[in-house]
Amino acid sequence: MDSDRGHVVASGFLALLASQIGTRLVTFIINLLIARHLSPEAYGLASIQFHLLTTTALFISREGFRRGCLRFGAAGSSAAAAGAAASDDKDDNTTTTPGNTLSTSNHKDDNNPSTNNSHGIGAGGAAAARGA
């Protein structure tokens, strides 16, 4: 059973590899022939036009998929956002003050310098920075 699956994978890989090599070889030969028969100005113009055409076609073909993914994600995330909002109500490390939209709590632990809040964060930050 596993040898059959391995054979299928190997043959599929070889087919894809051969098609990639063939496609790139044909594209190279066609570009070489076109470059030899056109002037540099005409070849540059044709290359730019072809690039714009392929870029536009790829954008249009991917746009529907992108919008579908956004809609699917928005429908699934509205329920998750409601659950996350309920769990965020119990966060006691952040407070809203009239002067600031969001500030960390002013809990000071002398043994832990990362909890010392005298560096301009919070409502009294300007007074602490001035040394008052």
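Trainee: Is Arg 66 buried, partly exposed or exposed?
Mentor: Arg 66 is partly exposed, with a relative accessible area of 41%. Buried means under 20%, exposed over 50%, and partly exposed in between, with a 1.4 Å probe and protein chains only. Keep in mind that this is a predicted model, where local features need pLDDT of at least 70, side-chain atom pairs count only at pLDDT 80 or more, and totals for chains, interfaces and linings use all residues. Residues are numbered from 1 along each chain as its sequence is written, and side-chain values use heavy atoms, with hydrogens and water left out.

Trainee: What does the side chain of Arg 66 meet in a salt bridge?
Mentor: The side chain of Glu 63, at 2.5 Å, N to O. A salt bridge here is a side-chain nitrogen of Lys or Arg within 4 Å of a carboxyl oxygen of Asp or Glu.

Trainee: Why can side chains pair like that?
Mentor: Side chains of opposite charge can pair when their charged atoms come close.

Trainee: Where do Arg 66 and Glu 63 lie?
Mentor: Both are in helix α2, residues 40-88. They sit three residues apart, about one turn of the helix. Helices are DSSP runs of H or I with at least four residues, strands are runs of E with at least two, and both are numbered from the N terminus.

Trainee: And Glu 63, buried or exposed?
Mentor: Glu 63 counts as buried, at 17% relative accessibility. Its side chain also meets Arg 67 in a salt bridge, at 3.2 Å, N to O. Shared partners join Glu 63, Arg 66 and Arg 67 into one network.

Trainee: How many salt bridges are in the whole structure?
Mentor: Two.

Trainee: New topic. Which elements does the protein have?
Mentor: Three helices and two strands. From the N terminus on, they run α-α-β-β-α.

Trainee: What does UniProt list for residues 12-36?
Mentor: The unreviewed UniProt entry lists them as "transmembrane region". Its positions use the numbering here, feature names are shortened, and annotations may be inferred rather than shown by experiment. In the model, that span is 100% helix and 0% strand. Its end C-alpha atoms lie 36 Å apart.

Trainee: Where is Ile 29 found?
Mentor: In helix α1, residues 2-37. Ile 29 is partly exposed, with a relative accessible area of 42%.

Trainee: How much of the protein is buried?
Mentor: Buried residues make up 5% of the 132 residues.

Trainee: Last one. What is the mean pLDDT?
Mentor: It is 74, and 56% of the residues reach 70 or more. pLDDT is the predictor's confidence in each residue, from 0 to 100. Among the elements, α1 has the highest mean, 92. Strand β2, residues 103-104, has the lowest, 47.
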